[in-house]
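Here is a friendly tour of some charged pairs and helix contacts. Have the sequence and the 3D view open as you read.

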Amino acid sequence: MVDARSRLKEVYAHPVGRDAIDKVLLQLGRSRGWVRNPVVANLRLGTVARLARPVLGDGFVSSLVTVLADHDDGAARLDQVGAPAQHAPDGAAAPGGVVLAGAEWWREAVFYQVYPRSFADSDADGIGDLRGITSRLDHLADLGVDCVWLSPIFDSPNEDMGYDVRDYRAVMAEMGTLADLDELVAGCHERGMRIILDLVVNHTSAEHEWFRAAVADPDGPYGDYYHLVPGAPGEDGSGPPPNNWTSFFGGSAWRWVPEARRWALHLFAPGQMDLNWENPQVRAEVAEIVRWWRGRGIDGFRLDVINYISKRSGLPDGNEAIGRLMGFPGIEHYFFGPHLHAYLAELRQAGFTRRSDDPPPASTARERFADGTLGGPLPPDEAGVMVGETPGVGVEMSRLLSNRSRAELDLVFNFDVLDGPGKVRWDDYRYDLAYLKGFYLDYLARTGPGDAIALFYDNHDNPRMLSKVLGAKDRDPELRAAAAKVLATIQLTLPGTPFLFQGQEIGAVNQEFTSVGDLQDVESRNRYAELCETGLSEAVALAQVLPGARDHARVPMRWEPGLTTGFTAGTPWQTGREDSRGFTVAEQTDDPDSVLTYYRDLIALRRAEPALTRGAFRALAPRSRTYFGWLRTAVGGSADWLIEVNLTSRTIRRPRGVPEAETVLGSPGGPLRATLTPYECRVARVTPGNGHAASARGGGHRG
């Protein structure tokens, strides 16, 4: 047990405690050395609380102790491969053992996220749709993708672009029909690709039939599907909400519903009502939705903000100091809630795991061999893959959620990689790739055989990493292509599972939006309005929104040059603001030096060479802030591989002791040069007998 008398080092030894402290240090832009030196490490928490009060305020330690008490340390089971899960919610049986998702095919897979609204439009209404995606499947197959992930396509009023679901068993009208989706699933499977959907079950739309029933009868069975809280006696909604929690989209996280005379919790938009996962019937409904889609051939789900599903009982006020530090009061009560592990383990067993009497799915993916050729259909996966979007968790919490022995998630997204120390998404700054290197070296050093890492930079919720790295130079075609290849090399050859987002393969960058009218996203518009209300001018408010606007990633895919970029024959729902040449699919397809060709070749090499997916990992010159090099060790008689990248826009010298290797991708062939040009990358087959020449300069990690 941790309490105010515990020493800081004892808290730091707890996985949740370590991540919480690391998160605070990251937000403050401070090194972990602050808590690792012997003097500070031996301070008692009560003393730390007094010393840190000017920064962390009152109550931080008590909040930390409460969160730690919710979770066992997990250390005894993290590396017990295949051990049964020991946790289950009240009234639910614990699973008898871990059921792996299709023999863990996802560990060696390359995922590709499609934002359907912006990928391809088949009917000229300006909105991307399912038939449009089907028409472009050959592009994804040629790229070498193993699994396609679709952002939400369920029926929705689109207050948050589909992340407010009205009907989990229907397709939104502008996207198509269930028949169109069935055709898309079959098309993916026929090309040797699996397909997963985005499942949003922390909340539903206020137009969902469950919420309508809850409003009609808040004391009836559906009233407990949501967090509906009466006001004080005589409350008419004009008084304060039940607690001080705030929405991620601005303002209070509570909405007064006059028809029900209740406050309703919404961590996101006012029409996105949080489900009450303490209700077993809610959990059963979600599991049944998963089973229904698995029967239609869906191979798994990416689970939206899934770590938010467990809220602390009683929904207490959040600590104000934590709220100021993290930006959202109340977050400590739900970002890693008390029953999270139990709910995930139950969902895996009840929803994602096949039963002996389940009929076969409508189709399964064809087997794809190392050379890219296809075989027959694979047998149904015993468990669908579970990918968790888990904002706020650190490395150790990620391991607690996704380690094989826990029988919960398979992969999680750790967002700490996306912004440097002391920075957040909205800040206008140049991202230092040395931070990315340090993040992954630290992550890999802390993983065991049951762990897996999701490698990602871009998605629908973040600006383009390429622009964060290059800043104002992101329109320089030479630097843009070179830096795009560096990011590809890191993502596709480090140990882990890469998640690409549409456009990465052609070097997509942020857009040059000039007014708030260019923005379609509810989050960006709300933030702009709030900043203007504080007295900022429209120009200053816009300047503070644009660096982090989600719209940058959501503009239509650039298939070919022209105003509509080959996306639609109509008027695009969102207009891109880019007229660069050479950065469309059509322009890059037959160019041997293009970003797209590099992605195709690197993914093909990754599939053909087991060292690049299953080989052990050894970093070279790990302390360098300009050079990132590593070795992937041979598997089953294959070759060792040397990977090198220049993390900067200037020429650097290679470190001494790098083994001799034959360049296959990246740098020009020929003798090994002493320098690397700006953002140069090199993927090379190590000359036999030279694979361990760099041991004096390297550091070993398990793959």
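## A buried arginine and its partner

Arginine 312 is buried, with a relative accessible area of 13% (buried means under 20%, exposed over 50%, and partly exposed in between, using a 1.4 Å probe and protein chains only). Arginine 312 also forms a salt bridge with aspartate 70, and their closest N and O atoms are 2.7 Å apart. A salt bridge here is a side-chain nitrogen of Lys or Arg within 4 Å of a carboxyl oxygen of Asp or Glu. The pair links distant parts of the chain, 242 residues apart: arginine 312 sits in the loop between strand S11 (300–303) and helix H12 (320–326), and aspartate 70 in the loop between H6 and strand S1 (111–114). Helices (H or I, at least four residues) and strands (E, at least two) are DSSP runs, numbered from the N terminus.

This is a predicted model: local features need pLDDT of at least 70 and side-chain atom pairs count only at pLDDT 80 or more, while totals for chains, interfaces and linings use all residues. Residues are numbered from 1 along each chain as its sequence is written, and side-chain values use heavy atoms, leaving out hydrogens and water.

Arginine 194 forms a salt bridge with aspartate 381, with the closest N and O atoms 3.1 Å apart. Because arginine 194 lies in strand S5 (residues 194–199) and aspartate 381 in the loop between strand S13 (374–377) and strand S14 (385–389), the pair ties together parts that are 187 residues apart in sequence. Both ends are buried: arginine 194 at 12% relative accessibility and aspartate 381 at 8%.

How many salt bridges are there by this rule? The count comes to 52. There is also a network of salt bridges linking Arg18, Asp19, Asp22, Arg32, Glu396, Arg399, Asp442, Arg446 and Asp451.

## Helix H2 against helix H6

Helix H2 (residues 15–28) packs with helix H6 (residues 60–69) at an angle of about 145 degrees, their axes 9 Å apart. Axes are lines fitted to C-alpha atoms, for helices over the stretch in contact, and angles run from 0 to 180 degrees between N-to-C directions.

On the H2 side, Val16, Gly17, Ala20 and Val24 meet Phe60, Leu64, Val67 and Leu68 of H6, where contact means heavy atoms within 4.5 Å. By class, this contact has 7 nonpolar, 1 polar and no charged residues (Ala, Val, Leu, Ile, Met, Phe, Trp, Tyr, Cys and Pro count as nonpolar, Asp, Glu, Lys and Arg as charged, and the others, Gly among them, as polar).
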